[in-house]
Amino acid sequence: MASTETKAPATAAEGDGGDIAGLEAGLDALESRVVDRQPWLRTAASKAFPPLVAIAIVLALWQLAYHFALKPHYLLPSPVEVGRSLQQKWLEGTLLSFVWTSVSRGALGFLASVVLGTALGLIVAQVKAVRAAIGPILSGLQSLPSVAWVPAAIIWFGLSDATIYTVVLLGAVPSIANGLVAGVDQISPLYLRAGRTIGATGLAGVRHVLLPAALPGYIAGLKQGWAFSWRSLMAAELIVNAPDLGTGLGQLLEQGRELQDMSWVLSAILLILIVGIGIELLIFAPVERRVLRSRGLLVKS
């Protein structure tokens with residue numbers, strides 16, 4: 001009889017546990033969505049259609065502005081004329097060299113900025129005295145236009161690659177460092193205590209706890225750092241022009257201005273835009289989606 005009385009509460013508890021588990025499963029089911037796998041061609045078409053429509057609208061408005069002569073045709077060429085200018089550069093065999101010169105400079109400057117910005121961001125995030133001393137300076141440097149560094153860099157290094165890379169570093173490092181600091185500030189203290197409990201301190205704690213936990217904010221800082229490095233590079237190439245430096249997209253843009261050739265100028269602007277958007281879509285956007293999806297912050301729909 002006693003055994004029967006002692007088992008009754010346990011059975012009730014098991015029933016309550018089952019009800020709670022069923023309730024949690026029901027709530028999870030409400031938040032989750034059943035996603036049918038679509039053919040890759042249909043997925044690609046659905047993603048490409050809105051940008052293509054936007055591009056078509058811009059080209060149509062541009063053509064209308066040309067047709068109604070809002071500006072003289074030598075100041076506002078048609079999309080067809082700009083396309084012919086690009087075609088001419090392609091047939092001359094110089095187009096890819098212009099793009100490669102700028103992309104290689106931008107990639108090298110960005111990688112150096114990642115190394116310096118990550119180290120600086122970790123120091124600022126972890127050392128209170130350093131944050132108090134240079135934290136506001138980093139924010140100020142991030143808001144400073146990159147072109148403001150060009151005259152100083154020319155005085156320091158002359159018309160050389162060092163001038164271009166200096167401007168890129170000064171434009172990108174503050175953004176990367178501030179992004180990492182923001183990511184570290186958003187880490188739950190529980191993660192840091194758990195890392196110290198299992199012995200993840202020093203460089204091991206940075207590698208296995210701090211950086212992985214701050215990854216969303218860090219990637220946002222990297223994206224912004226690339227945007228700043230690309231803008232800084234174009235500003236430097238516009239002004240720093242010497243025969244032994246090679247011709248990048250910024251120098252190509254300046255040559256078009258010197259020749260008063262608007263088709264040339266708009267072609268260079270279009271190439272700069274295409275490269276910037278391409279790097280974002282091909283590199284940073286997939287990485288960001290993967291990180292957010294792995295953390296449950298991005299739900300497929």
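Me: Is the crossing of α4 and α10 right-handed or left-handed?

Reply: This is a predicted model, and in it α4 and α10 cross in a right-handed way. Handedness is one part of the description. Two packed helices are also described by the angle between their axes and the distance between those axes. Here the axes of α4 and helix α10 (residues 215–239) cross at roughly 135° and come within 9 Å. That angle makes α4 oblique to α10.

Me: At what angle do α4 and α7 pack, and how far apart are their axes?

Reply: Helix α4 (residues 95–126) packs on helix α7 (residues 161–185) at about 40°, and their axes are 6 Å apart. This makes α4 oblique to α7. The crossing of these two helices is right-handed. Sorted by class, the contact of α4 with α7 has 20 nonpolar residues, 6 polar and 2 charged.

Me: How many helices and strands does the protein chain have?

Reply: The protein chain has 12 helices and 0 strands. Read along the sequence, its pattern is α-α-α-α-α-α-α-α-α-α-α-α. Of the 301 residues in the chain, 33% are buried.

Me: Where does α7 bend, and by how much?

Reply: In general, an α-helix has 3.6 residues a turn, so residues three or four places apart point the same way. In this structure, α7 bends by about 25° at Ala172. A proline, Pro174, follows within four residues of the bend. From its first C-alpha to its last, the 25 residues of α7 reach 36 Å, close to the 36 Å expected at 1.5 Å a residue.

Me: Why is α7 described as largely enclosed by the rest of the structure?

Reply: The reason is a count of buried residues: 18 of the 25 residues of α7 are buried, so the helix is largely enclosed by the rest of the structure.

Me: What is the phi of Gln260, and is the residue buried or exposed?

Reply: Gln260 has a positive phi of about 55°, although it is not a glycine. Gln260 sits in the loop between α11 (249–258) and α12 (262–294). With 62% relative accessibility, Gln260 counts as exposed, because the cut-off for exposed is over 50%.

Definitions and conventions. Residues are numbered from 1 along each chain as its sequence is written. This is a predicted model: local features need pLDDT of at least 70, side-chain atom pairs count only at pLDDT 80 or more; totals for chains, interfaces and linings use all residues. Side-chain values use heavy atoms; hydrogens and water are left out. Axes are lines fitted to C-alpha atoms, for helices over the stretch in contact, and angles run from 0 to 180 degrees between N-to-C directions. Angles under 35 degrees count as roughly parallel, over 145 as roughly antiparallel, 65 to 115 as roughly perpendicular and the rest as oblique. A crossing is left-handed if the near helix is turned anticlockwise from the far one by less than a right angle, and right-handed if clockwise. Ala, Val, Leu, Ile, Met, Phe, Trp, Tyr, Cys and Pro count as nonpolar, Asp, Glu, Lys and Arg as charged, and the others, Gly among them, as polar. The expected span of a helix is 1.5 Å times one less than its number of residues. The bend at a residue is the angle between axes fitted to the seven residues ending there and the seven starting there. Buried means under 20% relative accessible area, exposed over 50%, partly exposed in between (1.4 Å probe, protein chains only).
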